Amino acid sequence: MRRGLWLVLAAAALAIALIVPRAGVPVFYVSLLTQTWIFAIVAMSLDLLIGFTGLVSFMQAAFFGGGSYAVAIVATRYGVTNFFLLVAIGIAVGVLVAAVFGLVALRAEGVGFIIITIALNQILWGLAYQWVSVSGGDNGITGFSRPAVGPFDVSDNAGFYHLCLIVLIIVLLFLLALVRSPFGLVLRGVRETPRRMRALGYNVWLYRYLALLVSGGIAGLAGVLFAWYNQFVGPTNIALDQSTQLLIMVILGGIGTLFGQVLGAGIVVFLSNVLSSLTGRWQMVLGAIYFIIVMYAPDGLIGLGRRMLRRGQGKRVAPVPIDQKVPGMAGEET
Amino acid sequence: MTAAIATETCLTLRAVCKRFGSLSVLEDIGFSVEHGERRGIIGPNGAGKSTLFNVISGEIPLTSGTVHLLGRDVSNMPAHQRARLGLSRTFQTTTLFPRLTATENLILALQADSKDRFQCFRSHTSFRERHDEALQLLDRVGLKDRAEMVVDSLGYGEKRQIEILMAIARRPKLLLLDEPTAGLPQSDASLVTEMLKQDKSGMTMVLIEHDMSVVFDVVDKLTVLHYGRVIADGTLEQIRADQNVQEIYLGGKL
């Protein structure tokens, strides 16, 4: 019964989302929604690490930016215009960056892991910023356009909006299946108690590494979309700022929820764009809003919603504090 | 020679030393456990019992010496590979997956050596056989009605029972039990003791325990540790009669 209700709600939300660009919504908002779908994809890939594997990573922008740079470089230098080939290249580069960085970062656990991911992300940013002959340095790369998906032209706003929405739905369904599978259960076990997993015979390192590869591939895919969205790639795509913003999206929506990351991405994208058009001090206001959400809904907006639903049914539930949701943050022995 | 000794025993430690910096926790430990044996390890607090378990299970590396498990030298083998050989353990402080349900906790134990653990596109609840096996395990200790509850919300005694269920779920060849009855009220402790005594699978057990009634009830042989050294090793009668043990550990009470 409740499952049916949720399906109806999801279908309704999807129907509304699909008709948005044709329903007279201003182009500005269509474009913000497009950005939301793209960031939701990366935020979900980060949530696979934070919420389901217990890895707090600040190098998601490296996977994301890696995918962006890969398509930009391949398209401008080698004239590749095949949509599927470009997508495959973006995913492959995301996986590759994750494979290399993972080897280094996974030598540490907890806080050590976090610090190493920050350093690695900076390295790739430095490379993008300074290896001018390949990356264009601060000027970035322009001069490529959105390729057609087979017979479908997605170069206009509406077409590209639909492309991003469809990719988001595919990734969401993929991740929902993944976290419910035996493999997903193993990841959750690794998140909860790595020590026990080893005692049961699981190679904890391997599962963390595999989760990084999957996450890197998805972030790379989102990077491809973001490159096409802006039709420009620059070092800011890869900067630590970007990683931090992704982390904020994951936390605002609710760690370990996947759906929440769509909300989290939406809030960050809309608030930063709408507030910046209202006031010069928009970043201060944004900070205050993040603060309030984390203080009063440490389990994110999805968690807040769940608690309000249950309270409606007469049950009171306390939120799970953020440091208990993320093993690395509690600094516990792993 | 090594192979000959190793094939005869389930577990053999030779000249095992473990130092943390200048602190020597285990010194020249050597003993063997035969297949099917139930061995107790006793010793005062700080004798190195839990460190010994961590060294056997591979959680912490040895400083020197060798550990043979089921005929193989596992001294340098990581913990998860030792587990795959058939070694299983419980922890002194309950070490479960707090935010997973009781069933999920046991499914993780049951699927550890199945190829299914890499399966990404099927719900783990759709593997009915494994799910039912988990429920049967819970039923054995009367926890079936807790199956869908998050482990964190269970009582301490219930968690201890799941801790042991998780260790025996895959029928290990060697089971290390680190104070399985610690902190349990008498009634629950005897449930655990019964669970261990009634196991007829011939599983080899090594048990650390402070409660002497549990020790004398369950084990066949004892190893006594004192300040990181084995000071006595033998049958219950031998240990009871040992002057050394009387003086430094049992306080002449037995």
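In this predicted model, chain B contains an open sheet of six strands in the order β6-β7-β8-β3-β9-β10, with mixed pairing, where helices (H or I, at least four residues) and strands (E, at least two) are DSSP runs numbered from the N terminus, and two strands pair if DSSP finds at least two bridges between them. The edge strands are β6 (87–89) and β10 (229–235) of chain B, each of which pairs on one side only, and the twist averages 15° from one strand to the next. Within this sheet, β3 (residues 38–42) and β9 (residues 221–226) of chain B run parallel and are joined over four bridges; R39(B) has K221(B) as its bridge partner in β9(B).

Helix α2 (residues 49–57) of chain B packs on the sheet and touches β3, β6, β7 (174–178), β8 (204–208) and β9 of chain B, contact being defined by C-beta atoms, placed from the backbone, that lie within 7 Å. The direction of α2(B) makes about 150° with that of β7(B); axes are lines fitted to C-alpha atoms, for helices over the stretch in contact, and angles run from 0 to 180 degrees between N-to-C directions. Because seven of its nine residues are buried, α2(B) is largely enclosed by the rest of the structure (buried, 20 or more other C-beta atoms within 10 Å of a residue's own; exposed, 12 or fewer; partly exposed, in between; C-beta atoms placed from the backbone). The buried residues are K49(B), L52(B), F53(B), N54(B), V55(B), I56(B) and S57(B), and the helix is followed by G58(B), whose phi is positive, near 90°.

Helix α5 (residues 128–140) of chain B, with 13 residues, reaches 18 Å from its first C-alpha to its last, close to the 18 Å expected at 1.5 Å a residue, the expected span being 1.5 Å times one less than the number of residues. Its buried residues are A134(B), L137(B) and L138(B). These cover an arc of only 100° around the axis, which puts them on the same side of α5(B), the arc being that of the directions from the helix axis to the C-beta atoms. On the other side of α5(B), R128(B), E129(B), D132(B) and Q136(B) are exposed, whereas the cover over the buried residues includes α4 (102–110) and α6 (156–168) of chain B.

Residues are numbered from 1 along each chain as its sequence is written, and chains are lettered from A and ligands numbered from 1 in the order in which they are written. As the model is predicted, local features need pLDDT of at least 70 and side-chain atom pairs count only at pLDDT 80 or more, while totals for chains, interfaces and linings use all residues.

Key: Two residues are in contact if their C-beta atoms, placed from the backbone, lie within 7 Å.
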